Amino acid sequence: MPTIKPFKAIRATPEKAAHVISRTYQDYGPEELEALLKFNPFSFLQILNPGYKYSHEITGEERFNLVRNRFLEFREENHLLQEDVPAFYLYENKDPHHQYTGIIAAASVEDYQSNRIKKHEDTLSHKEVLFKEYLKIVGFNAEPVLLTYQDDDAIDDITAQIKKSLPAYHFSTTDFNSHKVWTVTDPDLIASIQKIFANKEHLYIADGHHRSSSSSLLAQEMGEKHESYNYFMSFLIPESQLNIYEFNRLVKDLNGHSKESFLMQLDQYFRIQNRGLEIYKPSKKHHFSMYLDGDFYSLYLRKDLHRIKNALDDLDTQMLYDLVLQPILGIADLRNDGRIDYSYGKSDLLVMKSKIDQGEYAVGFGLFPATVEQMKSIADADLRMPPKSTFIRPKLPSGLIIYEFENE
């Protein structure tokens, strides 16, 4: 019986909302980021990049404290205001290819800890601790955890009812996205939404494992007397709206192997084809691409040599770990080993090629995306995908709806 509750959000005034929100920080190239910081004083990026004000790169706790200062300045200057009463928030996003609609709410840390909110992916320890410290110092969360549930007609009916009213926000951004937000403060509607979710056996984390894990660590540290820390901001959408993409792997060295001996090791489990400069992107599961020493390769699993015993064994990121990363490349701890990195992007295989050509990494692997069914099967079996197994959209813009911790 998952618990969700309304909260008094911090959000931009309607006339500034289109200028305040930003994409995820990592989505911006250096030139675009510089332009936004220079010409848009209302951008949430001004909060996330406090060092820009001083033309100085700032990291760690010093940066976190300055993020807090910029946030308070935005509050003092009335760029950001707090709701008078707790609310749920219905958010609709349309881009040229997709439409997403979901409910922004506070989800229970206790549900996360007791597995009523199910996890499917391992997290990186240092990121958990780093983001926990970030949340503790800045005092707010501007990016919700993406939670998903099986499509539900009752939720769809409520959503349609809410959409008949005027939204609090309705604006478009230069990335061709349309944004609408409705505030839901009617007690009966709130109770109906809570009842529907309370009757569900589970919710599933689609994206935001580090954010939810960090929130759990923070709740344990702050204790029960700080009620707001016992919840984390979430965006709940039906699973039919999820779009799952792959995270690719880059490894810094071949663990002492020559190119030839590495390929011979791979040949034990894969049928290997050298595709030269032809970029190969896997078209189905159990197929992989590899870039090594100036050439792309396709790797097709020799299925009769690999036994699949459970849902995790069938996952490509786990298969790559079991057959290549751990036994051949010597990477045992995916959570902490600095020899492996992960990447996603619109032209990711080209980015992977460039980084390897420049000598930053020795080899890269491209994967086929996981499915919602795989994700749920692994979560239901209480298993964990390797870190960075999925890149899932939608990604809510930063600063659209902000959850502030209250120190009682």
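Contact here means heavy atoms within 4.5 Å. Before going on, a caution: this is a predicted model, so local features need pLDDT of at least 70, side-chain atom pairs count only at pLDDT 80 or more, and totals for chains, interfaces and linings use all residues. Residues are numbered from 1 along each chain as its sequence is written, and side-chain values use heavy atoms, with hydrogens and water left out.

Back to F88, which sits in strand β4, residues 88-94. Helices (H or I, at least four residues) and strands (E, at least two) are DSSP runs, numbered from the N terminus. Is F88 buried or exposed? With a relative accessibility of 1%, F88 counts as buried. The cut-offs are under 20% relative accessible area for buried, over 50% for exposed, and partly exposed in between, using a 1.4 Å probe and protein chains only. F88 and K163 are 75 residues apart in sequence, yet 13 Å apart in space, C-alpha to C-alpha.

Now, helix pairs. Two packed helices are described by the angle between their axes and the distance between the axes. The axes are lines fitted to C-alpha atoms, for helices over the stretch in contact, and angles run from 0 to 180 degrees between N-to-C directions.

Take α7 (residues 153-162) and α8 (residues 187-198): their axes come within 10 Å and cross at roughly 160 degrees. That is why α7 and α8 are roughly antiparallel. In words, under 35 degrees is roughly parallel, over 145 roughly antiparallel, 65 to 115 roughly perpendicular, and the rest oblique. Their crossing is left-handed, meaning the near helix is turned anticlockwise from the far one by less than a right angle, while clockwise would be right-handed. A154, I155, I158, Q161 and I162 of α7 touch L189, S192, I193, I196 and F197 of α8. Sorted by class, that gives 8 nonpolar, 2 polar and no charged residues. Nonpolar covers Ala, Val, Leu, Ile, Met, Phe, Trp, Tyr, Cys and Pro; charged covers Asp, Glu, Lys and Arg; the others, Gly among them, are polar.

Next up is α6 (residues 125-138), whose axis comes within 8 Å of that of α9 (residues 209-222), crossing at roughly 60 degrees. So α6 is oblique to α9, and the crossing is right-handed. On the α6 side the contact includes K127, E128 and F131, and on the α9 side it includes H210, R211 and L217. Which classes do these contact residues fall into? The answer is 6 nonpolar, 4 polar and 7 charged.

Helix α4 (residues 60-76) also comes within 8 Å of α6, axis to axis, and crosses at roughly 35 degrees. That crossing is right-handed. E61, R63, F64, N65, V67 and R68 in α4 meet L130, E133, Y134, I137 and V138 in α6.

Last stop, burial along a helix. In α11 (residues 316-325), 9 of its 10 residues are buried. In α12 (residues 348-357), the buried ones are D348, L349, M352 and I356.
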